[in-house]
Amino acid sequence: RQLHQIKAGFQNDSELSQGNRLSEVVFELALTAPRVLTSVLPAYADDLTVEDADTRICSIKLLGALFSIGNFHRDFATVFLEFKRRSADKDLNVRRAMVSVMQTLVGDKSELASVFMKDKWTVQGEERQAPMRTLMLDVDEKVRKDTIEAVIDLCLTNSDSVPESLLRLIGDRVKDKKIVVRHAALSGLSKLYQKYCAPFDRSSMSNTVSEKYGWIPNQVLGLYRVDVESRGMVAKCVEDICLSPEDSDRSVAVVSLDFWCALDSGGKDSLVAMLKRRHAFSEHFVRLASMRDQIGADLDDPAGDGGESD
């Protein structure tokens with residue numbers, strides 16, 4: 001009862017009302033005596049809808065910590081529902097906070113992975129996509145980038161935690177209108193392929209792995225012909241995959257051959273175009289370097305015979 005009164009602002013002189021002390025006590029009680037919080041947590045749901053964005057963010061962080069414990073997300077379903085609704089909050093920083101908190105939640109409590117990344121849900125009769133899917137299509141590029149990076153990090157840690165459908169959505173982001181988002185998607189997908197496919201022989205790869213990650217090479221190469229900036233990013237991703245195999249027992253040649261075999265005809269055409277372009281650059285660069293060396297030699301030996309002039 002005292003906690004509820006302090007949270008409601010009726011005991012401002014209490015030590016618990018100072019700074020973040022109340023939130024710390026609430027979290028400690030969640031670990032030791034969760035039933036005590038029955039009348040307190042709904043008040044934090046109210047904080048999720050106040051006008052002040054910083055208050056909403058503080059509430060998101062506390063509730064995120066609580067939902068990682070026991071069955072709070074089920075026992076306080078109404079609070080959890082309002083928590084998920086913040087994925088569509090009007091404030092940019094609140095939505096970015098949601099990305100960070102949900103990433104931590106999924107990492108700590110794998111059963112929430114499907115809730116945040118796959119399952120549709122209903123709010124007042126309106127069907128909505130899973131929060132992470134909503135945030136990956138956010139109007140702000142910072143939120144889209146944060147979401148892509150969060151999902152990639154989760155997948156690198158635990159492949160089973162991220163559904164293939166969400167990875168496919170990242171694949172769509174390689175053609176995002178903002179280059180920072182395209183780069184995050186390309187870089188992230190190449191890291192996934194490098195970890196889960198490049199170390200293994202393509203012929204012995206399981207169907208599950210092949211279906212989940214085998215489409216990545218074509219998705220990466222599909223961006224090569226879009227614009228100059230994209231070409232550079234694609235080339236970097238291909239080099240990261242083929243020239244830096246995580247499994248030291250597999251040679252660059254073997255990894256590169258498997259990468260080639262994973263491409264469709266369009267992907268192979270783009271890769272060939274990329275290699276020809278880089279080869280032409282290399283030839284021009286070597287020719288210029290040779291000309292520079294020759295000019296330097298002529299300047300050092302103006303007589304042209306290697307000796308002193310008369």
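Predicted model: local features only at pLDDT ≥ 70, side-chain atom pairs only at ≥ 80, totals over all residues.
1. **Answer on the cavity lining.** Seven residues of the lining of the largest cavity are nonpolar, none is polar and three are charged. The lining is made up of Tyr193, Cys197, Ala198, Phe200, Arg202, Met205, Arg250, Val255, Asp258 and Phe259. Helix 16 gives the largest share, three residues.

2. **Cavity count and volume.** One cavity of 30 Å³ or more is counted. The space in the largest cavity is about 50 Å³.

3. **Overall make-up.** The protein has 310 residues, and 43% of them count as buried. There are 17 helices and two strands. Among contacts with a separation of 6 or more, 61% are between residues 24 or more positions apart.

4. **Surface.** The accessible surface of the protein is about 16,800 Å². Carbon and sulfur atoms account for 50% of that area.

5. Three helices each supply at least two lining residues: helix 15 (228-243), helix 16 (252-261) and helix 17 (265-300). Helix 15 has the largest share, with five residues.

6. **Second largest pocket: residues.** The lining consists of Ala235, Val238, Glu239, Cys242, Leu243, Ser256, Phe259, Trp260, Leu271, Met274, Leu275 and Arg278. By class, nine are nonpolar, one is polar and two are charged. Phe259 deserves a look in the viewer. It is named in the lining of this pocket, and Phe259 is also named in the lining of the largest cavity.

7. **Leucine 112.** This residue sits in the loop between helix 7 (92-108) and helix 8 (113-117). Its relative accessible area is 0%, so leucine 112 counts as buried. Setting aside neighbours within four places in sequence, leucine 112 has contacts with Phe67, His73, Phe80, Leu105 and Val106.

8. **Histidine 73.** Helix 5 (residues 72-75) contains histidine 73. With a relative accessible area of 8%, under the 20% cut-off, histidine 73 is therefore buried. Not counting residues up to four places away in sequence, histidine 73 touches Phe67, Phe80, Lys109, Glu111 and Leu112.

9. **The pair of leucine 112 and histidine 73.** Along the chain, leucine 112 and histidine 73 are 39 residues apart. Their C-alpha atoms are separated by 9.2 Å. Each is named among the contacts of the other.

10. **Serine 270.** Is serine 270 buried or exposed? Serine 270 is buried, because its relative accessible area is 6%, and buried means under 20%. Serine 270 lies in helix 17, one of the helices that supply at least two residues of the lining of the second largest pocket. Leaving out neighbours within four places in sequence, the contacts of serine 270 are Leu221, Tyr224 and Arg225.

Methods. Residues numbered from 1 in each chain as written. Heavy atoms only, no water. 1 Å grid on protein atoms, 1.4 Å probe; cavity = no way out; pocket = protein on both sides within 12 Å on 5 of 7 lines; lining within 4 Å. Helix = DSSP H or I, 4+ residues; strand = E, 2+ residues; numbered from the N terminus. Nonpolar A, V, L, I, M, F, W, Y, C, P; charged D, E, K, R; others polar. Buried < 20%, exposed > 50% of the residue type's maximum accessible area, 1.4 Å probe, protein only. Contact = heavy atoms within 4.5 Å. Areas by Shrake-Rupley, 256 points an atom, 1.4 Å probe, with all protein chains shown as cover. Points joined across faces, edges and corners; volume = space filled by probe spheres on them.
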